[in-house]
Amino acid sequence: MDPTVEIDALHLLEQVLSLPPAERDAWLTLQRTRVAVRERVRGLLARSHDTRGFLETPAVDSRWDTGGPALPVAGDRVGAWRIVRELDAGGMGVVFLGRRDDGTYEQQVAIKFV
């Protein structure tokens, strides 16, 4: 994947999305840019859909707010990892220090639960 194609396509996508859907393809054809960029924009448009009202429906089932799965605590095991302690928490989740606990090798990692 060519990063310049992606960057140019995203810039062009911003412009084309401001047009009525019926005018987009013709406008895109007239743009003086590489074919790969135009095709990438067409691909992104083909996979887009009407997103009006998407914030009206909760993204997460309400059970996560009231009685959903609990986060691990120090000493819990998650896969091959033992939770040592919480490192930090923020808007997207909680990060724990983990230590490899299956005897295969020694390693410390950060494990994030979103």
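Author: What follows is a short chat about this structure, which is a predicted model.

Reader: Let's start inside. Which residues make up the largest nonpolar core?

Author: Nine residues do: Val5, Ala9, Leu12, Leu13, Val16, Leu28, Val37, Val41 and Leu45.

Reader: Which helices each supply at least two residues of this core?

Author: Helix H1, residues 3–17, and helix H3, residues 35–47. H1 gives the most, with five residues.

Reader: And what does valine 37 touch, leaving out residues up to four places away in sequence?

Author: Val5, Asp8, Ala9 and Leu12.

Reader: Is there a general reason for nonpolar side chains being grouped, or what tends to happen to them?

Author: In soluble globular proteins they tend to be buried together. This model also has a second, separate core of six residues, among them Ala80, Trp81, Ile83 and Val94.

Reader: New topic, the sheet. What is the order of its strands?

Author: The order is S1-S2-S3-S4, in an open sheet with antiparallel pairing.

Reader: Which strands stand at the edges?

Author: S1, residues 77–78, and S4 do. Each has a single partner strand, so one side of each is left without a neighbour in the sheet.

Reader: How many bridges pair S1 with S2?

Author: Two, in the antiparallel sense, and S2 covers residues 81–90. Valine 78 stands opposite tryptophan 81 in S2.

Reader: What lies over the face of tryptophan 81?

Author: Arginine 100, at 5.1 Å from the ring centre. Arginine 100 lies in strand S3, residues 93–100.

Reader: What else does arginine 100 touch?

Author: Leaving out residues up to four places away in sequence, arginine 100 touches Ala80, Trp81, Tyr105 and Gln107. Its side chain also makes a polar contact of 3.1 Å with the side chain of tyrosine 105.

Reader: Why does phenylalanine 96 count as buried?

Author: Because its relative accessibility is 3%, and buried means under 20%.

Reader: And phenylalanine 113, buried or partly exposed?

Author: Phenylalanine 113 is partly exposed, because its relative accessible area is 23%.

Definitions and conventions: Residues numbered from 1 in each chain as written. Predicted model: local features only at pLDDT ≥ 70, side-chain atom pairs only at ≥ 80, totals over all residues. Heavy atoms only, no water. Core = buried A, V, L, I, M, F, W, Y, C linked by side-chain atoms within 4.5 Å. Buried < 20%, exposed > 50% of the residue type's maximum accessible area, 1.4 Å probe, protein only. Helix = DSSP H or I, 4+ residues; strand = E, 2+ residues; numbered from the N terminus. Contact = heavy atoms within 4.5 Å. Polar contact = N/O pair within 3.5 Å; in protein donor to acceptor, adjacent residues only side chain to side chain. Lys NZ or Arg CZ within 6 Å of the ring centre and 35° of its normal. Pairing = 2+ DSSP bridges.
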